[in-house]
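Visitor: I would like to learn how to read a two-chain model, feature by feature. Could you take me through one?
Guide: Gladly; let us look at it together.

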Amino acid sequence: MDLARRFDVTPSAMASPDEERHPAPAGRRRRSQIGLAFIAPFGALFALVFIVPILYAAYLSLFQERLIGGTTFVGFANYGKLFQDPQFWDGVGRVIRFTLVQVPIMLLFSMALALALDSMRVHGTKFMRATIFLPYAVPAIVSTLMWGFLLGVKYGLFGSLNDALGTDIDPFAPGTTLISIGLMVTWAFTGFNMLIFYAALKAVPRELYEAAAIDGANEFQVVRAIKLPALRGSLVVTIIFSIIGTFQMFNEPQILPTMVANSGVTTFYTPNLYAYNLAFTGSQQGYAAALALVMAAITIAVAYAVQIRGLRNASDQ
Amino acid sequence: MRLSQKARLLSAVLVPMVALVACSGGSGGSGGGKAAGSGGGDEQVKLTVWSWDGTVEKAVPGFQAANPNIKVEVVNGGSSQDEYKALDNAIQAGSGVPDLVMFEYFAVPYFAIPGKLADLGEFGVEKFKNDYVPAAWADVTVNGKVYALPSDYGPSAMFYNSATLKKAGIDKAPATWDEYYEAAKKIRALGGDHYIAQDTGDIFFLLSLIWQAGGRPFTVNGNKVHIDFTDEGTTRAVAFWQKMLDEGLINTKITGWSDDWNRTLNDGSLATQTMGGWLTSTLPERAPKAAGDFRVALMPQWKQGDKVGAENGGSSFGIPAAAGHKDAAFKFLEYFAHGGGLSTRVDAGAFVPNTSVLESEAFQGKANKYFGDQKVGAVLAEASETVGSGWQYPPFFEWARSIYGDIASPFYTTGKVKLAEILEQWKQRCIQYGNEQGFQVD
């Protein structure tokens, strides 16, 4: 910024001190004030629904609520306790493991589908696009119930599958529940991510394909040399969205225990679920607020790391 | 582009925090305390009642006819847990506090001890004592003061599928737990999915078993809570159920209230349910195909010839200390939980702990079609009046039961359930939490 001004060669920078008194700078000032007016509605709403709640959560996190003795100021004690809370770290570890496995699989699916739709070799593209996207519109609560029935071993579809194949696999045993949740999440979000990829592919100038065709490139070379590089930017976006989504996992583990016995879902299965239970059955709002803030910090850190890395890689190419 | 991306990122991260904050009570507000409103004057009073018991609403027209200056609005706030959260929030916020609220028995101390409930002694509630079965009255009494009036009751009883029992060669309901054990083996011998009962870590069932056996694991005295799962009654109950689980006589795959559960009740493969008497109202809906097969009996006894029961659920209504119209609220409470509105509620299906109802001919003599014309009321009345006395719940039971599954579930899934160890771990968590909450727990 400073550097830019030092070498500024615009007329106003080169103007004589005399001209400084002319209305031009005042006009610029007015213009910046108009700009402020334009962002004011957004700014006010943003402050109201984001900044204020964060500050309030931060404030809450400094207190401890007790059934006997009421609310007391405890400084950063909630944070100290949180960092030593094995249940919290159990949940964090679970969503990280989940992210590492589920997100790549889902994005590969999405990408493959987007490439297929874009290949112009599939009939009924519009219908397919809408159908694949449809699960995203199903509320997570409904889809969890639905998958609960599908994967139930006693009377569900999976039970019949077990009978037919003579296997004895329980999709909701403690070791497999996370995989089943992964399946539900993949089902729900593949279409959403596919749409992002598809939009990026549609933005590729047709001339590139024509040029490739003239050069005699086959379909796979086109994919490798044109389409995949074009997807790089949206890949970063989808990864970030997916990380945020999985770090916030709540609905599925919240509902599953009411459907299946002993699926291994605990009250601290994911950090969000833990925060909810702490605040609403343990009446520990302060501790829950501390947890929410720390989790937000972790999520932001991970998402930004991905974004910075992703953008650097993109510009390297 | 980058900015909007960032904003979206930020918003996605922060939404749960916003939700959390929104729910944890906002600014001061105007305060719910417009002093105790009048109920008898000419002034119009609008009562807000929070209840998930649908029969309470049925009592409203009769009450309003007799008290034209009181308008009653009954709000169903969803499940009990949701309602407690909402009440806590309203009290914390100081606005929107209802005048009358429904509580499960174990939740009464949770609200009474920190002073969130009005002491009903000031309304002369003691004179109603004789109309309630003793155990129910004890449930709403905390440290010698009455904070709520019992409104429905859950005496534990055994519901059994007589057709399944007959198929297994059992011609009468097991009257003792020893007979129950023998019956379990015969039912298991039918093969397939036939079990005498299911258990996937149901704390309320286990506690009712302990309760009946004379165990009193929780002792509450003011802010002091003592937890002991090694007294004689507890040990006996735990050892018995441990034996049932060890010998594979219990289905540990089907959880209560699930779709699977409904199906097994319908097809008769689950032979018995030892549960609160309220099951009478929901069983016909859940197991319509088993109509005519189910019967009700007292809980099997620990000693031949005894008649001791236990509780499994039940609820009451109390008046928040911050309520605006306490007098009018009590008037309505008395009406539907003791006075003229009681019969309306009983007709609508409520199971109440009032002796005036339980001992009436109308209640005891009525044949229930779903239960093969059995006089169900007589059995449940007897179950209510024989509930063992002296049971206490710790004030943080709502939290304690929510984490019980965390501890029990891993044991149940490995198939090697060690009840005593589960209870010991549970106790340790309770001690830690209770002390953090300012109680003296050991």
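Guide: Let us begin with a term: a residue is called buried when its relative accessible area is under 20%. Keep in mind that this is a predicted model.

Visitor: How many residues of strand S6 of chain B are buried?
Guide: Strand S6 (residues 148-161) of chain B is mostly covered, with 14 of its 14 residues buried.

Visitor: Which strands pair with S6(B), and in what sense?
Guide: The general idea is that strands of a sheet pair through backbone hydrogen bonds, either parallel or antiparallel. Here S6(B) runs antiparallel to strand S13 (residues 311-318) of chain B, with six bridges between them, and Tyr153(B) has Gly314(B) opposite in S13(B). Strand S11 (residues 272-276) of chain B is antiparallel to S6(B) too, joined by five bridges; there Ala157(B) faces Met275(B) as its opposite residue. Strand S12 (residues 294-298) of chain B also pairs with S6(B) in the antiparallel sense over five bridges, and Tyr160(B) stands opposite Arg295(B).

Visitor: Where in chain B can I find parallel pairing?
Guide: Look at strand S9 (residues 224-227) of chain B, which pairs with S14(B) in the parallel sense over two bridges. Val225(B) has Val441(B) of S14(B) as its bridge partner. These strands belong to an open sheet of three strands with the order S8-S9-S14 (chain B) and mixed pairing. Its edge strands, each pairing on one side only, are S8 (218-221) and S14 (440-441) of chain B.

Visitor: How should I read the faces of a strand?
Guide: In a regular strand the side chains alternate between the two faces of the sheet. Take S1(A): Phe63(A) and Glu65(A) form its covered face, while Gln64(A) and Arg66(A) form the uncovered one. S1(A) is joined by four bridges to strand S2 (residues 70-73) of chain A, and the two run antiparallel. Phe63(A) has Phe73(A) of S2(A) as its bridge partner. The hairpin of S1(A) and S2(A) has three residues between the strands, and Gly69(A) takes a positive phi near 105 degrees there.

Visitor: What is the overall make-up of chain A?
Guide: Chain A has 15 helices and two strands. Of its 317 residues, 40% are buried. Among contacts between residues at least 6 apart in sequence, 68% join residues at least 24 apart.

Visitor: How do I read a helix?
Guide: An α-helix has 3.6 residues a turn, so residues three or four places apart point the same way. In H13(A), the buried residues are Glu252(A), Pro253(A), Ile255(A), Leu256(A) and Met259(A). They pack against helix H8 (140-151), helix H10 (177-202) and H14 of chain A.

Visitor: Is Asp118(A) buried or exposed?
Guide: Asp118(A) counts as buried because its relative accessibility is 2%. It is found in helix H6 (residues 86-118) of chain A. Beyond residues up to four places away in sequence, Asp118(A) touches Tyr198(A), Leu201(A), Lys202(A), Arg206(A), Tyr209(A) and Lys227(A).

Visitor: Now the interface: how many residues of chain A and chain B are in contact?
Guide: On chain A, 53 residues are in contact with 53 residues of chain B. The two chains bury about 4,600 Å² between them, 64% of it on carbon and sulfur atoms. Leu67(A), Tyr155(A) and Asn262(A) supply 16% of the area that chain A buries against chain B, more than any other three residues.

Visitor: Which polar and charged links cross between the chains?
Guide: The count between chain A and chain B is one salt bridge, in which the side chains of Lys81(A) and Glu436(B) meet at 3.3 Å, N to O. Four residue pairs across the interface are in polar contact, both residues at pLDDT 80 or more. The largest share of the side of chain A that touches chain B, 12 residues, comes from H15(A). That side divides into 33 nonpolar, 16 polar and four charged residues.

Visitor: Which residues are in contact with Gln437(B)?
Guide: Gln437(B) lies in the loop between helix H19 (419-436) and S14 of chain B. Leaving aside neighbours within four places in sequence, Gln437(B) is in contact with Glu65(A), Arg66(A), Leu67(A), Ile68(A), Gly282(A) and Gln284(A). With a relative accessible area of 1%, Gln437(B) is buried.

Definitions and conventions. Residues numbered from 1 in each chain as written. Chains lettered and ligands numbered in written order. Predicted model: local features only at pLDDT ≥ 70, side-chain atom pairs only at ≥ 80, totals over all residues. Heavy atoms only, no water. Pairing = 2+ DSSP bridges. Contact = heavy atoms within 4.5 Å. Buried area = accessible area lost by both parts, 1.4 Å probe. Salt bridge = Lys/Arg side-chain N within 4 Å of Asp/Glu carboxyl O. Polar contact = N/O pair within 3.5 Å; in protein donor to acceptor, adjacent residues only side chain to side chain. Nonpolar A, V, L, I, M, F, W, Y, C, P; charged D, E, K, R; others polar. Buried < 20%, exposed > 50% of the residue type's maximum accessible area, 1.4 Å probe, protein only.
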